[in-house]
Amino acid sequence: MSGVKKVLEAAGGSASAVARRLDRKDRPCKRQHVEYWVQQGYVPARWAPRVEREFGIPLHELNPSVYPAPSGRAA
């Protein structure tokens, strides 16, 4: 399951519920934003840190092209 689908599930399956939890005066979030993320299959990089804090879904699941999964190997 993609990270954006996990976010929807964590909010009860509603794009509106996700948007309500993320909405702030400094960066409003609307249902349409979340629906676009679902269509694209990822959360945009500028939203991913806030989504991670609010829902606890790791960044690499929200947007793997920007936040690659940890390799588990020491550098």
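Q: At the start of helix α2, a side-chain oxygen of Ser14 reaches to within 3.2 Å of the backbone nitrogen of which residue?
A: This is a predicted model, with residues numbered from 1 along each chain as its sequence is written. Local features need pLDDT of at least 70, side-chain atom pairs count only at pLDDT 80 or more, totals for chains, interfaces and linings use all residues, and side-chain values use heavy atoms, without hydrogens and water. Helices are DSSP runs (H or I, at least four residues), numbered from the N terminus. The backbone nitrogen that the Ser14 oxygen reaches at the start of α2 belongs to Ser16.

Q: Which residues of helix α2 are buried?
A: Buried means under 20% relative accessible area, exposed over 50%, and partly exposed in between (1.4 Å probe, protein chains only). In α2, residues 15-22, the buried ones are Ala15, Ala17, Val18, Ala19 and Leu22.

Q: Which residue forms a salt bridge with Glu61?
A: A salt bridge is a side-chain nitrogen of Lys or Arg within 4 Å of a carboxyl oxygen of Asp or Glu. Glu61, in helix α5, is paired with a residue in helix α1, so the bridge ties together parts 55 residues apart in sequence. Glu61 is partly exposed, at 26% relative accessibility. The closest N and O atoms are 2.6 Å apart, and the partner is Lys6.

Q: Which residues are linked with Arg21 in a network of salt bridges?
A: Arg21, in helix α2, and Glu54, in helix α4, are 33 residues apart. Their side chains meet at 3.1 Å, N to O. The network joins Arg21 with Arg24 and Glu54.

Note on methods:
Helix = DSSP H or I, 4+ residues; strand = E, 2+ residues; numbered from the N terminus. Polar contact = N/O pair within 3.5 Å; in protein donor to acceptor, adjacent residues only side chain to side chain.
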